Number of protein chains: 2
Amino acid sequence: MAVTIKDVARKAGVSPSTVSRVISNHPRISPETSRRVKEIMKQLGYHSNIMARSLVSNKTFTLGMILPRPAEELFQNHFFAENIRGITTQASRNGYDVLMTAGHSEHGELEAVTRLVKGKRVDGIILLQSRKDDPIIAFLKKEDFPFILIGNYGDNDILCVDNDNVQASYDATMHLISQGHHRIGFVSGPPNLTVSRDRLEGYKKALTDNGIRLETEWVMEGEFLQESGYRAMSFFMNLPDRPTALVVIDDIVTFGILRGLSELGYKVPDDLSLVSFNNIYLAELSSPPLSSIDIGIYQLGYMASQLLTRRIQGEKPQQLRTIVPHRLVVRESSLNIKRNWS
Amino acid sequence: MAVTIKDVARKAGVSPSTVSRVISNHPRISPETSRRVKEIMKQLGYHSNIMARSLVSNKTFTLGMILPRPAEELFQNHFFAENIRGITTQASRNGYDVLMTAGHSEHGELEAVTRLVKGKRVDGIILLQSRKDDPIIAFLKKEDFPFILIGNYGDNDILCVDNDNVQASYDATMHLISQGHHRIGFVSGPPNLTVSRDRLEGYKKALTDNGIRLETEWVMEGEFLQESGYRAMSFFMNLPDRPTALVVIDDIVTFGILRGLSELGYKVPDDLSLVSFNNIYLAELSSPPLSSIDIGIYQLGYMASQLLTRRIQGEKPQQLRTIVPHRLVVRESSLNIKRNWS
DNA sequence: TCGATTTGTGCAAACGTATTTACAAACTCT
DNA sequence: AGAGTTTGTAAATACGTTTGCACAAATCGA
């Protein structure tokens, strides 16, 4: 049988309530009693029962998450791992744990959230991704339950952390311009995603600001897949009048481009310079190493966790949308070779 | 105020205990009552309070995990993500959730586990990695608390899931032999790790079984790092009498080798054939794509979760050590070119 | 038809904690 | 010295469940 607060009380010759107060550092407890009780607690190896505690306090000190649906993509995997690391690290520092559960089906995700919320199993929820008109978000709003979204969302009346993708893309494009390029294309993702739209916007803005005319032909849409890059590459390289550099929506797409280029015998960055987004581990390992915008995935998770716990503790956030800074990591794929050698 | 079992009882005109019995499908409840109560539950949007329930039943339906310490390595990240996916998916299917917490320090990990165990916060614990003489394992054994280890461990009196690394390495080596190689080297990891020793053993066994003499000079130790591969490559390629193929302890190490080879103008697999372990996503993307032993990381997590929940439910495992099957994925890095073209 | 069994439900006691109320003892101040 | 205040502790209650026990009603077997 596990040792309870009563056992400690009995052995210390005090009442259970006194022990409870010692635990919660109640001001009106005598130093002497406190010392003695703590001594006994250590001696008996007492740890308070978390379930009992949260039953009465109505707090679980737990953050809930839904396991994202199987995502075989490299970036997704990396994103997931780093995100969780950020979330859990911060949560633990603040005395919170992270609970993960999986919905059995598409519909099951909402069911899982409902169980967590109504069952009072968690104090708040972190959402890793959201579809348009997400029923989970609707539910959480209706219940007025604390939650935060990592990533972007059409509405801006919910708590979320995100990158400034417009600025990030602006920076990427500016970098290429500063390397002497003025013939720059853009390989985008699915056009319905906010991230695609934002990055496209930043690219356009950078061109405009530098008096470079936008060639609409040089903007290609696709998926977050290698194949997309491959296709984009073959499209661009067959153009009679082609760009000398590309801004690419995601590192994984760039890998498709790289493979295609190497098959055709083109060199990077000599024949084509490349900058992309997310700075996955692989970006550094590829040949040539990729220039990439690091979006701070760990940080995204860390912030989300922090903002959510604050929200749970009743603090009013100054703003709903928090931006995690990005950072351009320059590697060989976008270095102006001539400049290096001259 | 949340709706409780009492509210349902009142509205249904029965006692709380009856409602409770309806929820748990007690046999002695009349179909009529059950129907009516369920109706009311739905109507009121009732969900039972998980904390209260687990307080009395002494079950949490939660599996605990400790967040692994920051692991910047690609493989670690991939391993972590896939593992969690496997664990959580299986757990959810069986009605369990997964709780993650982080120790603040080295010592803090044990503290975190203690809190989970003594605080009765989880029903079992999954360990992702273990050092030799791990105090956490010692603690869990002492408390006789259900847990499972993913990976290998010196002792074999604890529940664990692992790969058959000897056989896996044997298979990798046999594959190279079947491609016509008989001059095969081995790039190992840290010699104190069981995984290194096991894979080395499998390699040796394959050579012996095929009457190939082991060149001790062709076995190199290192780390799970790119640099290790780079060093190994330069060592091997400078040998007057060098191997035509290598078995490599980890894909990440192979990347180091690849980079080195391409710098020196060597071709894979023509000048050197390669097979390694873990089959990370990147293995497929590299040029050339790598042959690799897939160790079934998702499966490892899935099995661990399954065995642990069974153990929790009192089932006696047939054996303590469970082997997850591996699978050789052949790609260009080990294909005998001549054979393909002739 | 009547005792024995089965069936359906309520009552009350737990689970381990936090918290409110109460109260005695020990101070403070004039 | 006595009223008022502060300090330290205990008793009781509540949190939302589950479950053993009790018991009336219904069913059964002869």
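Helices are DSSP runs of H or I of at least four residues, numbered from the N terminus. The exercises below concern a predicted model.

**Exercise 1.** Determine which helices each supply at least two residues of the surface near DNA strand D, and which of them gives the largest share.

*Solution.* 
Step 1. A residue is near the strand if one of its heavy atoms lies within 4 Å of it. On this criterion, 27 residues surround DNA strand D, with A:Ser15, A:Thr18, A:Thr33, B:Ile5 and B:Ser20 the closest.
Step 2. Chain A contributes through helix 2 (16-23) and helix 4 (50-57), and chain B through helix 1 (5-12), helix 2 (16-23) and helix 4 (50-57).
Step 3. Helix 4 of chain B has the largest share, four residues.

**Exercise 2.** Identify polar contacts to the phosphate oxygens and to a base nitrogen of DNA strand D.

*Solution.* 
Step 1. The cut-off for a pair of N or O atoms is 3.5 Å.
Step 2. For phosphate oxygens, a polar side-chain atom of B:Ser20 lies at 2.5 Å, and a backbone N or O atom of A:Ser30 at 3.2 Å.
Step 3. For a base nitrogen, the side chain of A:Arg21 places an N or O atom at 3.0 Å.

**Exercise 3.** Describe the surface near DNA strand C by class and by its main contributing helix.

*Solution.* 
Step 1. The classes are 10 nonpolar, 12 polar and five charged residues.
Step 2. Helix 4 of chain A gives the most, with four residues.

Notes:
Residues numbered from 1 in each chain as written. Chains lettered and ligands numbered in written order. Predicted model: local features only at pLDDT ≥ 70, side-chain atom pairs only at ≥ 80, totals over all residues. Heavy atoms only, no water. Polar contact = N/O pair within 3.5 Å; in protein donor to acceptor, adjacent residues only side chain to side chain. Nonpolar A, V, L, I, M, F, W, Y, C, P; charged D, E, K, R; others polar.
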